[in-house]
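Have the coordinates open while you read.

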Amino acid sequence: MLDLAIVIVNYNVRDLLYQCLQSVYASEGNVAYEVCVVDNASADNSCSMVSDDYPQASLIELDDNIGYPAANNVGLNHFGDWSSETPPARYALLLNPDTELKPDTLYQMIRYMDGQPDVGVAGPKLVLPNGQIDPACRRSFPTPEIIFYRVAQLSRIFPNSRRFARYNLTFLDEDQEAEVDSVVGAFMMVRAMAIARVGLLDERFFMYAEDLDWAKRIKEDGWRVMYNPYVVVKHVKRASSRQMPKRMRLEFERANLRFYRKHYQSNTPFLVNAAILAAIALRGGRALWSEIWNSSMKQAETV
C-alpha cells in the first residue's frame, strides 16, 4: 500500500507547478507516494509541461474549470475507493501547485501522523515568500461570533486576544504545536480512515471553505486536527485566484454563505441570522443577492 496519495489541482500556474513537482520528487526518506495532477482547463501549457518533464506523475486534463474541491475529488478517486476496507493509501495530501517542499517534508509529516493515531488531519507551518507565516495555515471555524470579531476589525486591533483573534489564532506562538479547528487546503494531510468515515470534499463549494468544511466533518467524527510547525513549507498563495480577482471575491463570499448555512444557520437567532446574511450580501454584491433571497424564501416555506 502507498503511504501517501498526493493530489495537486492546477490552474494556469505552470512555472509554479514545475517547481512544486520538482520539490516533491526531490523528497527523501522512506515514503511510498504517487502524484496525480488534475488540471482545471489551463491555457498556459501546464499539461504539456507535466507530460514532458514529469511523466511519472499521473495527469488528468479537465475540459472545464470545475472548481477546487471537485477537482481534488477527481484526483482522490483516481487512486481508488477511499471508503473500502483497503484504501489506496494510508494518507491523502491535498497540495497546491504554489507550494515548495523541503526534502524531508513528506517523511516528517507522515512520521508525525503515524505517532498520533487520533489525528485525522495535519498541516505544516506555511511561510509566504516574504518570510511571514501564512495566517490561514491554522484557523478556527468561522462561527457567527468569530466572523463578527473579524468583520468588526477586532481581530486586527487585538491580535493577541484569545477571544477576538480566534479566526487565525494569532495569539498563538507560530512555532507552537497546537490542536486547531482547521488547516488550509494548500497542504492538508488526511488520514485514510477519516476519509472513509466522512467522505470526500463537498463539491457544492467552488473554491474556499471546502477545507474548513472537510476539517469540521472530520473533527465532528472524533478526530483531532493538528498544526505542526516543526515542518515548514513555502507558499506563494493566491497564484491561481489572482488571475480572476472579481470572480474569486464573489466565490469567497459565496463559500462563506454556504458554510454558514450548512453548519450554523439552523441554530442562529432570527435577528443575528438577518444581520449575517445582510453582511454577506453587502460584501458579495448583487451577484449574491438573488441567491440569498431565493434560499431564504425556500427556508421560510419549510418552517
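1. Some ground rules before the pairing: two strands pair if DSSP finds at least two bridges between them. Helices (H or I, at least four residues) and strands (E, at least two) are DSSP runs, numbered from the N terminus. This is a predicted model, where local features need pLDDT of at least 70 and side-chain atom pairs count only at pLDDT 80 or more, while totals for chains, interfaces and linings use all residues. Residues are numbered from 1 along each chain as its sequence is written, and side-chain values use heavy atoms, with hydrogens and water left out.

2. Start with strand E8, residues 187-191. E8 runs antiparallel to strand E4 (residues 89-95), with five bridges joining them; Leu93 has Met189 as its bridge partner in E8. E8 is also antiparallel to strand E6 (residues 119-127), this time through two bridges, and there Val121 is partnered by Val190.

3. How covered is E8? Five of its five residues are buried, buried being under 20% relative accessible area with a 1.4 Å probe, protein chains only. In a regular strand the side chains alternate between the two faces of the sheet. Here Phe187, Met189 and Arg191 point one way, Met188 and Val190 the other, and all are buried.

4. Helix H4 (residues 105-114) buries Thr105, Leu106, Met109, Ile110, Tyr112 and Met113. Viewed down the axis, these fall within an arc of 155° (taken from the directions from the helix axis to the C-beta atoms), so they line one face of H4. Their cover includes E8, along with E1, E2, E4, E6 and strand E9 (224-235); contact here means heavy atoms within 4.5 Å.

5. Helix H3 (residues 68-79) is another story worth checking. Nine of its twelve residues are buried, so H3 is largely enclosed by the rest of the structure. Strand E1 (2-10), strand E2 (33-39), E4 and H8 are among what covers them. H3 reaches 17 Å from first C-alpha to last, close to the 16 Å expected, that is, 1.5 Å times one less than its number of residues. Just after H3, Gly80 has a positive phi of about 140°.

6. Finally, Glu203, in the loop between helix H7 (192-198) and helix H8 (210-220). What does Glu203 touch, leaving aside residues up to four places away in sequence? Pro69, Ala70 and Asn73, which are among the buried residues of H3. The side chains of Glu203 and Asn73 make a polar contact at 2.9 Å (N or O atoms within 3.5 Å; within protein, one able to donate a hydrogen and the other to accept it, and residues adjacent in sequence counting only if both atoms are side-chain atoms).

How values were computed: Buried means under 20% relative accessible area, exposed over 50%, partly exposed in between (1.4 Å probe, protein chains only).
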